[in-house]
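Hi everyone, thanks for coming. Please have a look at the structure on the screen, and then I'll walk you through it.

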Amino acid sequence: MPYEPPTHTVERSIRATTGAKVIAGVDEVGRGAWAGPVTVCAAVTGLRRPPAGLTDSKLIAPKRRAPLAAELEQWATAHALGSASAEEIDRLGMTAALRLAAVRALEALPARPDAVILDGKHDYLKAPWRVRTVIKGDRSCVAVAAASVIAKVRRDAMMAELEVRDAAYAPFGFAANAGYPSPVHKAALAELGPTPQHRMTWSYLDALPRWRHLRRARVPAGAAGPESGGQLGFDF
């Protein structure tokens, strides 16, 4: 089904109401994966017309994503990526890991943004960043949509590269599932157990009789008990 193309409406509103000039769209990928990092892209696009076909990365055919990401990287005024590793996710929790990855991306831009458009309803960045959250911003906002495509393609490539560097990762099918819980990934986990790329505080380990003893508890600061990790989410 056709989708309305993203616009600069939110960016124009922020410019008009705050005087911000450099506005970055921010989106993440990998939040619901069982393995690999969470990766954030910050993209500054200005008000120019985007390449044709731009929308939320999950709505773009896989064979189209990589060429579009390459086009976007050349078209965008600036873009940068930041990641938080599986170990950092286990140690910090997902919200703090998302903030870490986003700050790494934003601070890698050539100029500090005056404002940030963040996909979703939850502001995990907080002060000192000036943030506007937009639900489904990866569909409606040009800069956020560009960030979503670049982040998705770059993280997928990182996960596929694991299989190239180390054959031990091949049974998990990361090149196809990017660390999300596909049938191939689940079967490999049940047989071989988790790898150094897996999130070891997450509850999927409770369903693996041979490996559940490896699950680690993470006690957040100020909390009385362990925080349970998530395990849902598919966007491969």
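This is a predicted model: local features need pLDDT of at least 70, side-chain atom pairs count only at pLDDT 80 or more; totals for chains, interfaces and linings use all residues.

Who is the neighbour of β3? It pairs with β2 through seven bridges, and the two strands run antiparallel. If you look for His-79 in β3, you will find Ala-43 opposite it.

Now to α4. Its 14 residues should span 20 Å at 1.5 Å a residue, and its end C-alpha atoms are 20 Å apart, so the two values agree. Which residues of α4 are buried? They are Met-94, Ala-97, Leu-98, Ala-101, Ala-102, Val-103, Ala-105 and Leu-106. A handy rule here: an α-helix has 3.6 residues a turn, so residues three or four places apart point the same way. The cover over the buried residues of α4 includes β1, β2, β3, α3 and β4.

In soluble globular proteins, nonpolar side chains tend to be buried together. The largest nonpolar core here holds 59 residues, and Val-26, Leu-72, Leu-106 and Leu-109 have the most contacts inside it. Several elements supply at least two residues each, including β1, β2, α2, β3 and α4. The largest share, nine residues, comes from α6.

Let's zoom in on Val-26. Beyond its neighbours within four places in sequence, Val-26 touches residues including Val-40, Ala-42, Leu-106, Ile-117, Tyr-124 and Ala-147. Apart from this core lies another, of nine residues, with Val-10, Ile-14, Ala-115 and Val-144 among them.

Last topic: rings. How many aromatic pairs does a search of the whole structure find? Three. One of them is Trp-34 with Tyr-204, a stacked pair at 4.5 Å centre to centre with 10° between the planes. These two are 170 residues apart, with Trp-34 in the loop between β1 and β2, and Tyr-204 in the segment after α8. Both Trp-34 and Tyr-204 are buried.

For Tyr-169 and Phe-174, the ring centres are 6.0 Å apart and the planes meet at 35°, so this pair is tilted. Phe-174 has 0% relative accessibility, so it counts as buried. Ring pairs link Tyr-169, Phe-172 and Phe-174 into a cluster.

And finally, charges over rings: the charged end of Arg-112 sits over Trp-129, 4.0 Å from the ring centre, and that of Arg-199 sits over Trp-202, at 4.9 Å.

Conventions: Residues are numbered from 1 along each chain as its sequence is written. Side-chain values use heavy atoms; hydrogens and water are left out. A nonpolar core is a set of buried Ala, Val, Leu, Ile, Met, Phe, Trp, Tyr and Cys residues joined through side-chain atoms within 4.5 Å. Buried means under 20% relative accessible area, exposed over 50%, partly exposed in between (1.4 Å probe, protein chains only). Helices (H or I, at least four residues) and strands (E, at least two) are DSSP runs, numbered from the N terminus. Contact means heavy atoms within 4.5 Å. Two strands pair if DSSP finds at least two bridges between them. The expected span of a helix is 1.5 Å times one less than its number of residues. Rings of Phe, Tyr and Trp (its six-membered ring) pair if their centres lie within 6.5 Å; planes under 30 degrees apart count as stacked, over 60 as edge-to-face and the rest as tilted. A charge sits over a ring if NZ of Lys or CZ of Arg is within 6 Å of the ring centre and within 35 degrees of the ring normal.
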